[in-house]
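Visitor: I would like to learn how to read a few features of a model. Where do we start?

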Amino acid sequence: MLREELIKRGVPMPDASTKEDWIALRPQIKETILREVYGEFPHKPDAIEYKDVTQWGLEEVFMAGDADKYQIRVEITYDGRKGSFPFNLAIPKAGRPVPALVAINFESGSPYKYQPTEEIIDNGFAIAGLCYNDVTKDNDDFSDNIAGLIYNGEPRTATSPGKIAIWSWAASLVMDYLMTRPEIDHKNIAVIGHSRLGKTSLVTGAFDERFAFVIANDSGCGGAAISRGKGGESIEKIIDRFPYWFCLNYQKYVGKEDAMPIDQNWLLSLVAPRKLMIASASEDLWADPNSEYLGAFAASEIFKLYGLSFAGPDRFPVPGDSFYDGDVTYHQRIGKHYLSRKDWNHYLPYIRTHLNK
Ligand code: GTR
């Protein structure tokens with residue numbers, strides 16, 4: 001049924017019938033996605049320093065002493081100019097390297113409603129949370145903080161990065177730091193985000209192969225959802241309110257999804273052979289759960305080339321469905337657009353039981 005749906009919507013599938021075909025195509029696909037949708041990532045900074053700027057006093061107890069909590073400032077020198085952004089980090093005192101999450105957040109604090117730090121620590125994970133607005137504001141001001149550093153007053157070109165690409169780039173700088181911490185199991189680091197930051201999480205994890213798990217919660221348009229034939233938010237609607245999330249080229253596809261050389265399943269496919277977790281909320285029709293599921297379903301064709309699997313059926317999901325028995329997972333929480341404890345209770349046990357050796 002969904003195969004027919006993909007054909008009906010005209011969703012292009014990558015021309016790959018073996019893993020080798022796909023591997024050969026990947027560089028070109030990455031280039032196309034950045035050029036047409038998100039914009040090109042900034043180049044590597046000249047220098048990066050990570051400063052421990054933890055402010056709480058030594059007497060302050062965090063999590064009954066079961067975890068260490070830090071505030072780290074990322075200081076970037078980019079083309080000779082300097083900028084910075086902070087992130088929070090909590091690491092359980094486990095006495096051995098623990099899996100970790102990079103959470104791309106709406107707020108700077110820890111814990112906050114979408115980052116239940118204590119529960120995450122209790123589940124045996126470390127967590128690093130960065131707030132997107134601390135990197136560069138969620139608006140069309142490309143002179144703000146890290147965007148300003150990258151743009152240096154130059155106008156945007158058709159392919160220069162939108163804000164999603166800049167937030168993703170920052171999340172990879174947090175990943176660089178985690179790679180230096182011996183308390184963290186570097187083979188088992190996930191990236192997670194909700195909604196616009198679910199889109200950002202997908203871009204981060206698709207392009208930064210150090211992330212072993214890529215989680216997109218209610219990511220919708222420009223995220224996990226197939227754009228062609230999508231309900232709720234369309235490219236036209238997202239460009240109307242949030243043109244700056246994407247590169248200028250993306251505007252060519254307003255009302256012309258069919259002209260795109262790719263669809264969102266191509267982005268999801270880049271996560272293979274790592275683990276991909278897609279989730280929807282049943283009442284989140286703006287994101288369109290069916291189109292999100294269709295994205296996961298279409299991408300699983302590429303995972304299959306690696307001998308990997310998706311346990312979801314060949315039909316649209318119903319509220320409450322969850323499919324975990326595979327490398328691509330999907331669940332549809334009953335309720336509203338949100339990153340809830342129920343969602344975390346799907347993600348954390350899955351990661352714990354699928355750790356890389
Ligand atoms: C909406 C936007 C969605 C989604 C959401 C969010 O207004 O249309 O694409 O990203 O915001 O981030 O909460």
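Guide: Start with the elements: helices (H or I, at least four residues) and strands (E, at least two) are DSSP runs, numbered from the N terminus. Helix 5, residues 145-151, holds N145. N145 has a positive phi of about 45°, although it is not a glycine. This is a predicted model, where local features need pLDDT of at least 70, side-chain atom pairs count only at pLDDT 80 or more, and totals for chains, interfaces and linings use all residues. Residues are numbered from 1 along each chain as its sequence is written, and side-chain values use heavy atoms, with hydrogens and water left out.

Visitor: Which peptide bonds are cis, and with what omega?

Guide: The bond from S110 to P111 is cis, with omega near 0°. P111 sits in the loop between strand 4 (98-105) and helix 3 (117-122). The bond from A272 to P273 is also cis, with omega near 5°. P273 belongs to the loop between helix 9 (264-269) and strand 8 (275-281).

Visitor: At what angle do helix 1 and helix 10 cross?

Guide: Axes are lines fitted to C-alpha atoms, for helices over the stretch in contact, and angles run from 0 to 180 degrees between N-to-C directions. Here the axes of helix 1 (residues 2-9) and helix 10 (residues 289-305) cross at roughly 105° and come within 11 Å. Helix 1 is therefore roughly perpendicular to helix 10 (65 to 115 degrees).

Visitor: Which residues make the contact?

Guide: Contact means heavy atoms within 4.5 Å. Helix 1 uses L2, R3, E5, L6 and R9. Helix 10 answers with S291, Y293, L294, F297, A298, E301 and K304.

Visitor: Which residues are around the ligand?

Guide: A residue is near a molecule if one of its heavy atoms lies within 4 Å of it. The residues around the ligand are S195, R196, K199, E233, I238, R241, F242, W245, W286 and H337.

Visitor: Which side chains place a polar atom by a ligand oxygen atom?

Guide: A polar contact is a pair of N or O atoms within 3.5 Å. A polar side-chain atom of S195 lies 2.7 Å from a ligand oxygen atom. For E233, the distance from a side-chain N or O atom to a ligand oxygen is 2.5 Å. For W286, a polar side-chain atom is 2.8 Å from an oxygen atom of the ligand. Helix 7 (196-207) and helix 8 (235-241) are the elements that give two or more residues to the shell.

Methods. Angles under 35 degrees count as roughly parallel, over 145 as roughly antiparallel, 65 to 115 as roughly perpendicular and the rest as oblique. A polar contact is a pair of N or O atoms within 3.5 Å; within protein, one must be able to donate a hydrogen and the other to accept it, and residues adjacent in sequence count only if both atoms are side-chain atoms.
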